[in-house]
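Hi,

Here is the structure for you to look over.

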Amino acid sequence: MRVLASIIAAVLIAGATVARAHQAPRGWDYPFYCCLDSDCSEIEAEAVQEVPGGFVVTIAPGKHPMWSSERKKPLTLEIPQDKAKQSPDGRWHLCIDDSGELLCFFAPGNDS
């Protein structure tokens, strides 16, 4: 009985420490390599400017979970076209770490 209890405890502990990505608002999972908890968020189309060769994304303080309203300045990222992933829901999504470094960027397809 003691062995069984130890096995169950080990499984529960292992399950509790497994890192999982979270879901986008429309129900698809952000890839694990992009985020763990709140690194990814849908962003407004107005935050994205398409430029030759890519995108310029400007996140105002408080408009992304990782760029809180306590920040004094907006975050501006220049993202090359080859770093953009196809958005499964036709919306813009940005994944950044707490320092504002790009993890993943999802752009709608040309038909959206």
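With a sulfur-to-sulfur cut-off of 2.5 Å, the count comes to two disulfides. Bear in mind that this is a predicted model.

The pair Cys 34 and Cys 104 is one of them, with sulfur atoms 1.9 Å apart. Its S-S torsion is about -80 degrees, so this disulfide is left-handed. Cys 34 sits in the loop between helix H1 (2–17) and strand S1 (40–43), and Cys 104 sits in strand S7 (residues 102–107), so the bond ties together parts that are 70 residues apart in sequence. Cys 34 is buried, at 1% relative accessibility. Cys 104 is buried too, with a relative accessible area of 3%.

Cys 40 and Cys 95 also form a disulfide, and their sulfur atoms are 1.9 Å apart. Here the torsion about the S-S bond is about 110 degrees, so the disulfide is right-handed. Cys 40 belongs to strand S1 and Cys 95 to strand S6 (residues 92–96), so this pair links parts that are 55 residues apart in sequence. Cys 40 is buried, at 4% relative accessible area. For Cys 95, also buried, the value is 0%.

Counting bonded cysteines along the chain, the pattern is 1-4, 2-3.

That leaves Cys 35, which is in no disulfide. Which cysteine sulfur is nearest to that of Cys 35? The sulfur of Cys 40, 3.4 Å away. Cys 35 is buried, at 3% relative accessibility.

Best wishes

Conventions:
Residues numbered from 1 in each chain as written. Predicted model: local features only at pLDDT ≥ 70, side-chain atom pairs only at ≥ 80, totals over all residues. Heavy atoms only, no water. Helix = DSSP H or I, 4+ residues; strand = E, 2+ residues; numbered from the N terminus. Buried < 20%, exposed > 50% of the residue type's maximum accessible area, 1.4 Å probe, protein only.
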